[in-house]
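I opened my notebook to look up how the pieces of this chain sit together. Here are my entries, in the order I made them.

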Amino acid sequence: MIELDSVSHSYGGSELLGGLALRLPPGSFHFLTGPSGAGKTTFLRLCYAELAPTAGRVRIFGKDVRAMSRDDVAHTRRRIGVVHQDCQFLDHLSVAENVALPLSVAGRNAADHAGDLADLLGWVGLDTRAEALPPELSGGERQRAALARAVIMGPELILADEPTGNVDWEMSLRILHLLIELNRMGKAIVIATHDLNLIRAAKANVSARVLRIKDRRVQLAGADL
Ligand SMILES: Nc1ncnc2c1ncn2[C@@H]1O[C@H](COP(=O)(O)OP(=O)(O)OP(=O)(O)O)[C@@H](O)[C@H]1O
């Protein structure tokens with residue numbers, strides 16, 4: 001699904017990710033952890049064809065990111081759902097309109113998918129907030145709306161950047177369990193998080209690999225979390 005060979009990235013300063021070699025198979029569950037600035041978001045952006053690595057090669061669904069045309073990038077991204085760290089809503093659109101936005105971006109008629117949208121909002125517990133505007137949402141509601149938007153296109157892979165940032169523990173668990181449910185439906189999941197307790201809670205429920213960025217290198221964490 002995603003293959004990284006000897007991947008490093010530099011924005012002009014020091015190199016991040018340290019020549020990472022990694023495979024993300026279909027249906028897998030990965031956590032990525034490490035200190036602020038370690039390169040977690042950079043890793044996710046590489047997996048979403050938002051960046052090409054400055055060294056090494058990233059292949060997404062078998063295609064080298066550097067060889068992708070604009071159409072390839074658009075097609076690839078339709079197969080990947082992203083939960084951004086800051087959610088990135090359009091504040092003048094309702095929750096339902098924001099969640100449905102990927103459909104219209106892909107040229108589909110959102111009205112044809114009204115049933116799916118209602119089911120999805122119900123699944124994340126936002127059916128009664130469908131007409132609210134994003135600034136009216138709590139942190140947990142924002143994160144769940146962002147998750148609903150990430151899955152509306154039926155992606156095979158979900159990349160979630162701190163999906164439990166700014167929510168309490170109970171809500172963190174609720175969001176985690178939605179992601180575990182998606183994994184059980186066969187979707188590959190990658191979660192970038194600072195929260196080691198979240199990783200421990202997940203490992204009790206799902207077989208997940210934990211990647212830890214330390215000293216600018218990505219290592220597979222052991223059972224000592
Ligand atoms: N567009 C950019 N231009 C220049 N430097 C960048 C850019 N994006 C990220 N960086 C730098 O690259 C490093 C890694 O950033 P990244 O956002 O990947 O880290 P992170 O592990 O996700 O951090 P956090 O946990 O704080 O979100 C940081 O030093 C950051 O300042």
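**Entry 1: the β1 and β2 pair.** I began with I2 and looked for its bridge partner in β2, which turned out to be L24. I kept in mind that this is a predicted model. Strand β1 covers residues 2-9, and it pairs with β2 in the antiparallel sense over five bridges. Further along I looked up V7 and found it opposite L20 in β2. I then checked the hairpin of β1 and β2, which has six residues between the strands. In that hairpin, G12 takes a positive phi near 125 degrees.

Entry 2: Next I asked myself: which residue in β4 is the bridge partner of I2? I found I60 there. β1 and β4 pair in the antiparallel sense, over five bridges. I also noted S8, which stands opposite A55 in β4.

**Entry 3: on to β5.** I followed β4 to β5 and found an antiparallel pairing over two bridges. I60 turned up again, this time standing opposite K63 in β5. The hairpin of β4 and β5 has two residues between the strands. F61 in this hairpin takes a positive phi near 50 degrees.

**Entry 4: the four strands together.** In what order do the four strands of this open sheet come? I wrote down β2-β1-β4-β5, with antiparallel pairing. The edge strands are β2 (16-24) and β5 (63-64), each of which pairs on one side only. I then looked for a helix on these strands and found α1, residues 40-47. Helix α1 lies across β1, β2 and β4 (55-60) and runs at about 130 degrees to β1.

**Entry 5: the six-stranded sheet.** I turned to another open sheet, with six strands in the order β6-β7-β8-β3-β9-β10. Its pairing is mixed. Why is one side of β6 and of β10 left without a neighbour in the sheet? β6 (80-83) and β10 (217-220) stand at the edges, each with a single partner strand, so one side of each has no neighbour in the sheet. The twist from one strand to the next averages 20 degrees.

I picked out one pair to look at in detail. Strand β3 (residues 29-33) and strand β8 (residues 188-192) pair in the parallel sense over four bridges. In this pair, L32 stands opposite A192 in β8. Helix α1 came up here too: α1 packs on the sheet and touches β3, β7 (157-161), β8 and β9 (209-214). Its direction makes about 150 degrees with that of β8.

**Entry 6: around the ligand.** Which residues surround the ligand? I listed Y11, L16, G34, S36, G37, A38, G39, K40, T41 and T42. By type, the shell divides into three nonpolar, six polar and one charged residue. I also checked which element gives the most to the shell, and it is α1, with three residues.

**Entry 7: α3 with α5.** Now for helices meeting helices. The axes of α3 (residues 95-105) and α5 (residues 139-151) come within 7 Å and cross at roughly 30 degrees. Angles under 35 degrees count as roughly parallel, and α3 and α5 are therefore roughly parallel to each other. The crossing of α3 past α5 is right-handed. On the α3 side I found V95, N98, V99, L101 and P102, and these meet A145, A148 and R149 in α5. The residues of this contact divide into six nonpolar, one polar and one charged.

**Entry 8: α3 with α4.** α3 passes α4 in a right-handed crossing. The residues that meet are A96, V99 and A100 in α3 and L117, L120 and L121 in α4. How many of the residues in this contact are nonpolar? I counted six, with no polar and no charged residues.

Key:
Residues are numbered from 1 along each chain as its sequence is written. This is a predicted model: local features need pLDDT of at least 70, side-chain atom pairs count only at pLDDT 80 or more; totals for chains, interfaces and linings use all residues. Axes are lines fitted to C-alpha atoms, for helices over the stretch in contact, and angles run from 0 to 180 degrees between N-to-C directions. Angles under 35 degrees count as roughly parallel, over 145 as roughly antiparallel, 65 to 115 as roughly perpendicular and the rest as oblique. A crossing is left-handed if the near helix is turned anticlockwise from the far one by less than a right angle, and right-handed if clockwise. Two residues are in contact if their C-beta atoms, placed from the backbone, lie within 7 Å. Ala, Val, Leu, Ile, Met, Phe, Trp, Tyr, Cys and Pro count as nonpolar, Asp, Glu, Lys and Arg as charged, and the others, Gly among them, as polar. Two strands pair if DSSP finds at least two bridges between them. A residue is near a molecule or strand if its C-beta atom, placed from the backbone, lies within 6 Å of it.
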